[in-house]
Amino acid sequence: MTDGILRVGVVADTHVPERTPALPDELLNALRAEQVDKILHAGDISVPRVLEELETVAPVLAVRGNRDLTFGNGLSAVQRLEINGVRVALLHGSGTMWEYVKDQFAYIFSGHKLERYIRLVSKDAGDAQVIVFGHTHRPANETRDGRLYFNPGSACFPPPEGGVPSYGVLTFSPGGTVGAEIKRLAGSMPPDDSYR
């Protein structure tokens, strides 16, 4: 930490080992190089060893995704925290089981629509100024009505229509200024339509 600035790594949708055997070394090395003070994982972790590996870089706060059955009730659906005076909500973005099923049909008929996910995560985020979510495997870094909606994309399994694995870095300065960056990883998984 320099001059009170906190750097937070953001990871989502790792899906280890169901869709990839392990976290890429490139991700762990990149987070170390960024000198993050904390890591947020926005769900679809799949197995606890992923969080253990990330903990070798920095303390981790994670939420349960729709694929995190092995965690049982060990992870909450939403985490609210404050970083340098900024209210942050961390959630996966799939909503309740009913919302997840409705979204699956919406996705089949109309494809990915960021607006759908912004509506969904907004209702569970309370008064958060920064909303960190995953689920879509697509990066998003948008400010709307004074709120930052930040999805790092998938660190291991990008969407089948193109893209590369990615993660994010949020920078919280004293006084409430937030910087947000999506960082691309060079590796990529073969296309597959079962990424959600």
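Two strands count as paired if DSSP finds at least two bridges between them, and helices (H or I, at least four residues) and strands (E, at least two) are DSSP runs numbered from the N terminus. The model is predicted, with local features needing pLDDT of at least 70 and side-chain atom pairs counting only at pLDDT 80 or more, whereas totals for chains, interfaces and linings use all residues. Residues are numbered from 1 along each chain as its sequence is written, and side-chain values use heavy atoms, with hydrogens and water left out.

**View 1. The hairpin of strand 9 and strand 10.** Strand 9 (residues 166-172) pairs with strand 10 (residues 178-184) in the antiparallel sense over seven bridges, and Thr171 stands opposite Gly179 of strand 10. Five residues lie between the two strands of this hairpin, in which Gly175 takes a positive phi near 95°.

**View 2. Strand 9 and its pairing with strand 1.** Strand 1 (residues 6-11) is joined to strand 9 by five bridges in the antiparallel sense, with Phe172 of strand 9 as the bridge partner of Leu6. Seven of the seven residues of strand 9 are buried, where buried means under 20% relative accessible area, exposed over 50% and partly exposed in between (1.4 Å probe, protein chains only). In a regular strand the side chains alternate between the two faces of the sheet. Here Ser166, Gly168, Leu170 and Phe172 point one way, while Tyr167, Val169 and Thr171 point the other way.

View 3. The strands follow the order 4-5-6-8-7 with mixed pairing. Strand 4 (78-83) and strand 7 (139-144) stand at the edges with a single partner strand each, so one side of each is left without a neighbour in the sheet. Neighbouring strands are turned by 15° against each other on average, direction ignored; axes are lines fitted to C-alpha atoms, for helices over the stretch in contact, and angles run from 0 to 180 degrees between N-to-C directions. Strand 7 and strand 8 (residues 147-152) run antiparallel and are joined by six bridges, Pro139 having Pro152 as its bridge partner. Helix 4 (residues 114-124) packs on the sheet, touching strands 4, 5, 6, 7 and 8, and its direction makes about 65° with that of strand 7; contact means heavy atoms within 4.5 Å.

**View 4. Backbone details in two loops.** Most residues other than glycine have a negative phi, and most peptide bonds are trans. In the loop between strand 6 and strand 7, which holds His135 and His137, phi is positive, near 75° for His135 and about 65° for His137. His135 is buried, with a relative accessible area of 1%, and His137 is likewise buried at 1%. Pro17, in the loop between strand 1 and helix 1 (25-34), is joined to Val16 by a cis peptide bond with omega about 0°.
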